[in-house]
Amino acid sequence: MTTPPADLPTEATAALAAPLPEAELSAAELPTAGLPEAGPRRSHGRGRAVLRRLFRSKLSGAGVLVLAVVVVAVTVGPFVWTVDPNEQDLLARSANPSAEHPLGTDSLGRDVLSRVLHGGRASLSIALVAVAVSTTIGGSIGLVAGFVRGVTDSILMRLMDVLLALPSLLLALLVSATLGPSVRNTVIAVVLPSIPADARMVRSVVLSVRERDFVLAARASGVRPWRIMVRHVLANCLGTVLVMASVSLGFVLLIVAGLGFLGLGVPPPDAEWGAMLSDASTYIVSRPVVVLAPGLAIFLTALAANLTGDALRDALDPRA
Amino acid sequence: MPGAPPSDALLEVRDLSITFEGRHGRTHAVRGVSFDVAAGELVGIVGESGCGKSVTARALLGLVDAPGQITDGTIRLDGDDVLTMDARTLRSVRGRRIAMVFQDPMTSLNPVFTVGRQLIDVMRAHGHPSPEARALELLEQVEIPAPALRLRQYPHELSGGMRQRVMIAMALANEPEVIVADEPTTALDVTIQAQILDLLRRINRDQQTAIVLISHSLDVVVDVAERVLVFYAGRIVESGPTSRVFEAPAHPYTRALLGVVPRPGRAAVEPLAGSPPSLAPPPAGCAFAPRCRARLDRCVEDDPALDVVDGTPGHAAACWLDVSPRHEPGRTA
Amino acid sequence: MRALVLRRLAVLPVLLLGTTLLVFVLGRLAPGDPAELFAGGHQADPEVIERVRTEWGLEDPLPVQYARYVGRVVRGDLGRSTTQQADVTDVLGRRLPASLELTGGALLIGVPVGVGLGVAAARHRGRALDDASRLVAMAGASAPIFWVALVLGYLFSVRLGWLPLSGRLPPFTTVDEVTGFYTVDALLQGDLDLFGSVLRHLALPVITLAIVPAAVLARFARASFLEVLGENYIRTAHAYGIPQRTVVWRLAARNAVLPLITLLSLLLPALIVGAVLVENVFSWPGVGSFLLEALQARDYAVVQSVTLIVAAIYALTGLAADVAYAALDPRTRRS
């Protein structure tokens, strides 16, 4: 069957959202013993199995690893490399890499390595907070809309449609330009366009879960609706939310960097990867390495986040 | 034909073995199967799901895909070994000299092309000179009403029985020597089943096309096949003229199968208990031994070979028991 | 089918109205007095500011202002650009062909590359080529496009000197604008040298932007083809000796392309965002760079209009894709 993909980011978790079909065995006519069972509650060995599957593919393993390295680097890095990212070494402006400045300095004589580390802190923490906030808000909207249905559902989803009517970065640009550049406003600008996708995805999972037998059974036996929602529906959404969050981390990181690049993100002089690229782009001719460093950092981190999301989806999907 | 065939069979399968590489080790799905199909013959293959009958059917067209692997044996079609053919030759054989009818006609036909287009494509692939005219003729041949209209329709606009008729028309398109029908009626209603079987029998009789009919139900096969092969756990456990196997089953498994299907004039015996053994790896002795009520000690250690039953030509069974037809269950002599 | 189109068309005005409201509210929330800005900033004569304010009805209640704004938009009046001192419709009319030429070129290159990569990956599932193609697709989706633009610009322009770094034309060169699409205009002029120059200017922005559709399509084409290649009817085709080439490129392609049609409309937002960034890096005089200039200068008539147009294009493509899908899939065609 060829059904159109409902939404771009939905693809990431469509596999999880769909009810698990019976294992296709007719093709091989193999004995059916020893196949994984697709049930609502997982056995104890499941966590370990997921972890093992997460590292099954070299590509996925590399993604998880790189993401971990980046997180550790920007968290611990500034304590190890203690150079002040805003200190201007006026004697060594636009300097080439040296022992003192391993990645050289920018046009104002600031240490590029230190700025990359601190910039990563800013970019990553903004992205992480934004993902957490949008997943929480969007997820709650989706959960309520999908569980309550009816008018509430319609109103919430039409609201989401309006937010979806604009490409995410464009909406972020508008919001950021309106509110003015600051860390808090950057988070708001990034969260707003991320909410509808999260809401839609969680809603689709909820809609499919609520029709599953164990929810029907719980309803039939008089379990309170909010209890069903928390115990059964929410529990079954967690996998989706996890995948969703890791995929959107990469996406959000790119928006944060894009805002910074266009001068509408974290205001100077604070370091942020996108903003650094924007500064550096003016002297790409003379100092390509300054452009290369923050860009590569954004690229690798986003790539790692996407690979991790993919790996997580595969690992959580018992069919893979 | 290079390499004259050692027998006069049209299709000659020898020692066919197929394994599947899986997470739980290697499954021996087909274990040394040999049989012949003569030109114009209608042979039935019967067995439970997982017995290797469908894989065998697919192997006849060289259609075993990874993780399946043919590890041993030959399949000769008019003397040419299907298993050693290069891709190009194999392609020219498939659909031209040997064609296949699949179980589910809904998913086996492409939903986005018209019936006519799919029939024509199959003929074009083998250089048929006038596929358009032939397509119409084919639909008439499989008794589809309003064939000209049907040619322009899409599979979803046809009923299940009609779709299977289209599949059969497709199989007939290039006038093959053999048609392999893998559970062609399983997905259909009972009344439609009979019509499709009837159609297959007529094609076999009128056009002298050999047919290999695969089914999980002895009942389906018994009405149409001249000869029947009973598969169990990747082996043939009994083979012979249909009437003979049906009237005087020699293998305990065949007898149990017959018992499972209640028929008029035949009292149902106890249904078969248990399930087929795992074939990863296969058991040392007779694979049916654990479920067999007439088990001997040697059954667990030695796997019996197919042997002629009671001196009846063409009737063979793989069982250590010397079963005589008089001991047939459920029937009082 | 008709019901589907009608239903989608009915939602369209609601969606656009929602967008105008969003844009309007954002415009009013923005710091700075539009009348003051229009009159020339802080040093402007308070009397002039007052006149502008009355003229524009900025003292009316917000709902009235909003209603007036929507009324003007419906009549096709998008207001005046304060930075360009011209009607927004005119400026956009001049800028739009540049953006369309850029995005069109990107689709022309990116779509076949993406589909090719995806199909190659699907056909060699689990093998090195599959991994490589997946990695390329994911890299394309993870790379900040403005960075790619900078790197490519550095490599091919600064370092190798093969391609021009910015603009649509060499300095001091002009094209007789007929369509606004310089490739077409140069050909209409019969000037092949000029045409070549236009192409060379297009090359870097187009190749950079092509990464967007290529990456997205590679991923989806792979998934779509994998699904189709596993279908029973593909097995049937093989069982009937239909050549592999025909099976993949004619039979499976028809099935697999259907979901990709809807994807093209979902691709649009990413493409628009990419275009804004790419235009910025390569100083491409399109709608994207216009929007950024307007944002910086708080030229709100322009910002509102561009936003509205993007939303409209976005909604219409979605509609077109749904209709195309329904029209091409025989299973929905007749119902």
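Visitor: Before we start, what does "in contact" mean for two residues here?
Guide: This is a predicted model, so everything is worked out from the placed atoms. Two residues are in contact if their C-beta atoms, placed from the backbone, lie within 7 Å.

Visitor: Okay, so in chain B, what share of the contacts with a separation of 6 or more comes from residues 24 or more positions apart?
Guide: Take the contacts in chain B with a separation of 6 or more, using that cut-off of 7 Å.

Visitor: What radius of gyration does chain B have, and what would a compact globule have?
Guide: Chain B has 333 residues, and for that number a compact globule would come out near 20 Å. The value for chain B agrees, because it is 20 Å.

Visitor: Which helix gives the most to the side of chain B that touches chain C?
Guide: On that side, 25 residues of chain B meet 16 residues of chain C. Elements giving two or more residues include H3(B) and H4(B), along with strand S6(B). The top giver, with 3 residues, is H2(B).

Visitor: And which helix gives the most to the side of chain A that touches chain C?
Guide: Here 39 residues of chain A are in contact with 43 residues of chain C. Several helices of chain A give two or more residues, among them H5(A) and H9(A). With 9 residues, the one giving the most is H11(A).

Visitor: How many residues on that side of chain A are nonpolar?
Guide: The side of chain A that touches chain C also holds 10 polar and 2 charged residues. The nonpolar ones number 27.

Definitions and conventions: Residues numbered from 1 in each chain as written. Chains lettered and ligands numbered in written order. Predicted model: local features only at pLDDT ≥ 70, side-chain atom pairs only at ≥ 80, totals over all residues. Helix = DSSP H or I, 4+ residues; strand = E, 2+ residues; numbered from the N terminus. Rg over C-alpha atoms; globule rule 2.2 N^0.38 Å. Nonpolar A, V, L, I, M, F, W, Y, C, P; charged D, E, K, R; others polar.
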